[in-house]
Amino acid sequence: MTLVTTFKTDHKLLEPLPVAAMRSIMSRFKANSLLMLAAVIWGVGNVFHKTILAHLDPIAVVFLTSVIAAMVTLPFAVRERAPLANTGWLPSVTRVVLLFALGCVVQQLSYVSTTVTNSSLLISASTVITPIAAWLIMRERPSALILFVAILTVVGSALLAGGFNGSATAGDAFAILTAICFAVWTVELGRHVQAHGHPFATAAAQFMGTAVATLPFALQGTMTLPAIVSAWPELIMLGVFSTAVGFYLQTSAQRYTTSSHAAVICSGEGVFAAISAAALLGERLSPDGFLGAGVILSCVLFAAVSAGPKLDPSLP
């Protein structure tokens with residue numbers, strides 16, 4: 001009788017462990033699914049980043065899409081009733097907002113003088129830059145494999161941008177700068193939401209901050225009412241889906257996964273963008289471009305199988 005009771009007690013003590021493990025697996029699966037959905041949305045949306053430039057200048061595009069995204073997410077942010085005023089929230093979210101605004105502006109500038117395919121695949125270099133940024137910012141030391149892949153990514157980016165035959169453009173340079181900006185932003189975003197939560201409030205802060213930062217420059221450009229009316233289909237796609245929905249999905253997902261892992265999955269944006277650009281804009285890669293794209297995608301695969309830092313299981 002005693003043995004049976006002990007067995008039942010031990011069984012009950014062990015029962016929560018697999019349940020906790022299953023919850024952890026489901027959280028990671030949910031995060032991966034959200035990130036992949038975001039990559040699809042961004043990949044398709046990158047075509048509209050290009051076509052909208054026929055109506056508006058890049059800064060006006062960033063301002064208007066940020067305003068629309070803020071309007072979409074702000075009601076949900078207000079419903080996040082838990083207090084935000086915990087230690088370090090304001091300086092943390094300020095860093096996230098500034099990096100996000102810079103990344104959005106530089107990304108939109110890249111589409112002025114390069115193709116959707118080139119820009120998207122060059123930006124996917126952030127997949128490898130992110131672990132390095134995590135090392136410098138959060139002291140997460142990357143493996144030797146990641147450092148090797150980083151060098152290969154630079155080679156692939158140069159091939160894709162035409163850097164070895166003199167055909168690289170200013171847009172290609174802006175795309176590489178965008179990769180750096182978003183790599184650092186991904187690390188800061190992951191650190192922020194894991195420490196403070198509130199994904200809607202964080203997303204809304206990013207959009208409102210970007211709108212405020214770009215307003216003075218947008219007023220000096222081509223932002224007229226007729227131009228806005230002409231660009232409304234692209235503005236809805238970019239403001240609601242690519243910006244509000246896409247970046248909220250990433251913000252929410254990074255509560256449950258590492259920055260490096262998030263960057264790997266989000267790099268699928270380049271693949272979906274290349275497919276969308278080929279279907280909708282008729283874009284094609286040169287032989288060097290195909291080689292460069294292959295190198296970058298191979299680097300993404302290497303980064304994906306490289307073990308990254310594990311999250312604290314106590315995190316929500």
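**View 1. Helix α3 passes helix α4 in a right-handed crossing.** Right-handed here says that the near helix is turned clockwise from the far one by less than a right angle. This is a predicted model, in which local features need pLDDT of at least 70, side-chain atom pairs count only at pLDDT 80 or more, and totals for chains, interfaces and linings use all residues. Residues are numbered from 1 along each chain as its sequence is written, and side-chain values use heavy atoms, leaving out hydrogens and water. The axes of α3 (residues 58–79) and α4 (residues 89–110) come within 9 Å and cross at roughly 135 degrees, which makes α3 oblique to α4. Axes are lines fitted to C-alpha atoms over the stretch in contact, with angles running from 0 to 180 degrees between N-to-C directions. Oblique covers what is left after under 35 degrees (roughly parallel), over 145 (roughly antiparallel) and 65 to 115 (roughly perpendicular). Helices are DSSP runs (H or I, at least four residues) numbered from the N terminus.

**View 2. Here is the contact of α3 with α4.** From α3 come P58, I59, V61 and V62, and from α4 come C104, V105, Q108 and L109; contact means heavy atoms within 4.5 Å. These residues divide into 7 nonpolar, 1 polar and no charged.

**View 3. The largest cavity holds about 400 Å³ of space.** A search of the whole structure finds 1 cavity of 30 Å³ or more. On a 1 Å grid over the protein atoms alone, a cavity is a set of points where a 1.4 Å probe fits but cannot get out, and lining residues have an atom within 4 Å of a point. Of the 29 lining residues, W42, Q107, F182, F247 and E269 are the closest to the centre. Helix α11 (residues 232–253) gives the largest share of the lining, 5 residues.

Methods. Helix = DSSP H or I, 4+ residues; strand = E, 2+ residues; numbered from the N terminus. Nonpolar A, V, L, I, M, F, W, Y, C, P; charged D, E, K, R; others polar. 1 Å grid on protein atoms, 1.4 Å probe; cavity = no way out; pocket = protein on both sides within 12 Å on 5 of 7 lines; lining within 4 Å. Points joined across faces, edges and corners; volume = space filled by probe spheres on them.
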